[in-house]
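Trainee: I want to learn how to read a domain interface. Please show me the model first.

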Amino acid sequence: MLRVRFPDTIQVKSEGIIVSLESAVLVRACEHATAYLQGLDTRSVATTVGLVELRKRLNVGLGAEGTPPETVIDELVAATAGGQLGSASGRFFAWVIGGALPSALAADWLASTWDVNATMYACGPAAAVTEEIAGEWIKDVLDLPRDASFAFTTGCQLAHMTCLAAARHAVLDRAGWDVELDGLVGAPPVRVLATEERHGSIERALRFLGLGTRSLIPLATGDDGRLRANVLSDALAAGTGPTIVVLDAADLNIGACDPFAELIPLARHAGAWVHVDGAFGLWARASREHRHLVDGVELADSWATDAHKWLNTPQDNGIAIVRDRAAHRAAMTLAAHYLVAGGEARDAIDWTPDWTRRARGYAVYAALRELGRDGLAAMIDGCCRHASALAWGIGDLDGVELVAAPTLNQGLVRFLDPHGRLDVDHDRHTDAVISAINSEGTAFFSGTLWRGRRAMRISVVNWRTSDDDVRATVDAVERVLSQINSTS
Ligand SMILES: Cc1ncc(COP(=O)(O)O)c(C=O)c1O
């Protein structure tokens, strides 16, 4: 490649082709991206540089003079090498972080290139219509009410906030209170019943909405992590007034889905709004083999999920779906003299908490088209199969206890200290083994506390995970265990 001085000319020669400086940096980024993706199978899934080194490499000082775009990108890639956790890899099983399907990744690049503000049809007609279609397809593949409203948010956290803002509006409206006009000071108290397995993003949404975490009444679940009908009935009967019930599809430790068909009618009969945390588990609706786990979830009032988890779009893509369109719109809509209402077209600003926002619909649209209904079902069921194979494969190794075999795509194992007798010994050993597995670099897992004991979570939500990845991971865990046991 012929290098040119910036900014004297706007042309560079790449592979014999004259391209503008802007194109050259994009071609360069594409080369880096391709090299990164091609190295996913061979590179350590764990990071190989730490905080001090990253700070040293990146803090090059901000000079008065600019830097040519290609140099910026080349140096950024070099400085961050080894500092990207390999969550794009098929051997990443920590937390719940999906990969990115090829077309979704490419569509997301294009969304950055087009760089429209997807807040209104007037600012980005194509983005608005793509979102409109993608939203309809999402309701269709998840088999939720087709006339529900929806919003594409940054993630499930803001999807919860959006849905619960609609819930707050509706339950207070029924109590004769206009929260949009009068706020919460002096409003009837709202109680929120949620299981003890709820994700922390529910609490945070309650804080954002001014309901506060004291509004939350935790409900115990059974050994299978699911809420029982009698527990919910008792909790509903124990209080009065505006009530929101939050159910799980699914919990992040063992993937437990509440028995929706039983619980939702009870809650709705008591006048409560039912919200479902379906960050990843709601995608079981699109599966052939696991759909029964989420039967009845369609009876809820609102659903929050993520495209960036199990649909495998790049990060920054959550979805809020609300049965009561009027409540959703009332909680989010905004008009100003300088805005141009879309009329017949859909304006995202009526449904999302953002003003200026990324065109998130492109990645969702692309992912759904790339997979089709059959491909989506196969991807969901494939992840569940891999989660089971990992849990049973690791669980069969010496010194490993299978704590929870996956019913969906999450499982738990625990590593037993050969010299330990107490739970605390096995807890310590479990954390040490997780850390050793991660350092080895073949695969990456995270830990958790389940029923008071430490365990390793096995979470599979990446389209890339293959039978080979599962085999390589079980082998790596076996290697690490035998090394630890031979030295202890
Ligand atoms: C069950 C559950 N709910 C909500 C969230 C929050 O989602 P997000 O990180 O997309 O905001 C997560 C994240 O992992 C989750 O697992």
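Predicted model: local features only at pLDDT ≥ 70, side-chain atom pairs only at ≥ 80, totals over all residues.

Trainee: How many residue pairs are in polar contact between domain 2 and domain 3?

Mentor: A polar contact is a pair of N or O atoms within 3.5 Å; within protein, one must be able to donate a hydrogen and the other to accept it, and residues adjacent in sequence count only if both atoms are side-chain atoms. Here the count is twelve residue pairs, both at pLDDT 80 or more. On the side of domain 2 that touches domain 3, 14 residues are nonpolar, nine polar and seven charged. Ala, Val, Leu, Ile, Met, Phe, Trp, Tyr, Cys and Pro count as nonpolar, Asp, Glu, Lys and Arg as charged, and the others, Gly among them, as polar.

Trainee: How many salt bridges cross the interface of domain 2 and domain 3?

Mentor: The rule asks for a side-chain nitrogen of Lys or Arg within 4 Å of a carboxyl oxygen of Asp or Glu. It finds three across this interface. Arg451 also forms a salt bridge with Glu196; their closest N and O atoms are 3.9 Å apart.

Trainee: Where do the domains lie in the chain?

Mentor: Bounds come from an automatic or database domain assignment. It gives domain 1 (11–80), domain 2 (102–368) and domain 3 (374–487).

Conventions:
Residues numbered from 1 in each chain as written. Heavy atoms only, no water.
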